[in-house]
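Please read the points below with the coordinates open beside you. They go through the model element by element, and each can be checked in the viewer.

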Amino acid sequence: MAKRRAKDKIGTAEGRGIAGEIFRQVQAAIEENRGQAGALIPVLQKAQSLIGYLPLPVLQIISRDLNIPLSTIYGVTTFYSFFTMVPRGKHIVSTCMGTSCYVRGGERILNTLQKELGIEPGETTRDGLFSLEMVRCLGCCGLAPVVSIEEKVYRRMSPTKMKEVLSSYG
Ligand code: FES
């Protein structure tokens, strides 16, 4: 709970104090990786795993302490889809739009999710419960169309099944 509160406030000046422990751990990751080739990615991964996303003050600290321009860090965070600079919802709904899923109705599933959640891919519901994203392939093409919510994979989805699954997370 305290960690969640800290996450909520980390982007503010107040947050810098409240989330001191998180910043300390980010700095530890910086120290651990400093001077190594490819230090940036593991530091960003550590920061995101601690905070849930990559707020600007954290990127500024990483930029300063790893001596990497902020523009380079922006480039990396936007290139890799698993990094995000905006807070995500409690549940990440990933709908597969790879070829197998697409031809077997993936678009209808995506439309259902957009309608039910009232958001577009890349957005989070106002209540912070769901974030919606599109992925290329979840590795179970024979069971398309596929949607994952966190670690759980839902196979052979239909709009009706999708609505049922969403309601189980309400
Ligand atoms: S294309 Fe959707 S799981 Fe592979």
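**Notes on the predicted model**

1. In strand E2, the bridge partner of Cys-96 is Val-135, where strands (E, at least two residues) and helices (H or I, at least four) are DSSP runs numbered from the N terminus. Further along the pairing, Thr-95 stands opposite Met-134 in E2. E1 and E2 pair in the parallel sense over 6 bridges, pairing being assigned if DSSP finds at least two bridges between two strands.

2. Some conventions should be kept in mind. This is a predicted model, in which local features need pLDDT of at least 70 and side-chain atom pairs count only at pLDDT 80 or more, whereas totals for chains, interfaces and linings use all residues. Residues are numbered from 1 along each chain as its sequence is written.

3. The protein chain has 8 helices and 4 strands, and from the N terminus on its elements follow the order α-α-α-α-α-α-β-α-β-β-β-α. Of its 170 residues, 21% count as buried; here a residue is buried if 20 or more other C-beta atoms lie within 10 Å of its own, exposed if 12 or fewer, and partly exposed in between, with C-beta atoms placed from the backbone. Among contacts between residues at least 6 apart in sequence, 56% join residues at least 24 apart, a contact requiring C-beta atoms, placed from the backbone, within 7 Å.

4. E1, H7 and E2 form a right-handed β-α-β unit, the hand being right if, with the strands pointing away from the viewer, the path from the first strand over the helix to the second runs clockwise. On E1 there is also an antiparallel partner, E3, joined to E1 by 3 bridges, and in this pairing Ser-94 stands opposite Ser-148.

5. The largest nonpolar core has 14 residues, and those with the most contacts inside it are Ile-109, Leu-113, Val-146 and Val-147; such a core is a set of buried Ala, Val, Leu, Ile, Met, Phe, Trp, Tyr and Cys residues joined through C-beta atoms within 7 Å. Strand E1 (91–96), helix H7 (99–117) and strand E2 (130–135) each supply at least two residues of this core, and H7 gives the most, with 4 residues. Apart from this core lies another, of 11 residues, among them Ile-30, Leu-44, Ala-47 and Val-58.

6. Val-146 deserves a separate look: leaving aside neighbours within four places in sequence, its contacts are Cys-96, Cys-101, Leu-138, Cys-140, Val-153, Tyr-154, Arg-155 and Met-157. The peptide bond from Ala-144 to Pro-145 is cis, with omega near -5°, and Pro-145 is found in the loop between E2 and strand E3 (147–149).

7. Helix H4 (residues 40–51) has 12 residues and reaches 16 Å from its first C-alpha to its last, close to the 16 Å expected at 1.5 Å a residue, where the expected span is 1.5 Å times one less than the number of residues. Its buried residues are Val-43, Leu-44, Ala-47 and Ile-51. Seen down the axis of H4, these buried residues fall within an arc of 100°, so they line one face of the helix; the arc is that of the directions from the helix axis to the C-beta atoms. On the other side of H4, Ile-41 and Ser-49 are exposed, and just after the helix Gly-52 takes a positive phi of about 100°.

8. Glu-150, with phi near 55°, lies in the loop between E3 and strand E4 (152–154), and counts as exposed because it has 11 C-beta neighbours inside 10 Å. Arg-156, with a positive phi of about 45°, lies in the loop between E4 and helix H8 (159–167), and counts as partly exposed because it has 13 C-beta neighbours inside 10 Å.

9. A last point concerns Asn-67, placed in the loop between helix H5 (56–66) and helix H6 (70–79). With 7 C-beta neighbours inside 10 Å, Asn-67 counts as exposed. The C-alpha atoms of Asn-67 and Arg-34 are separated by 9.4 Å, although the two residues are 33 apart along the chain.

Key:
Contact = placed C-beta atoms within 7 Å.
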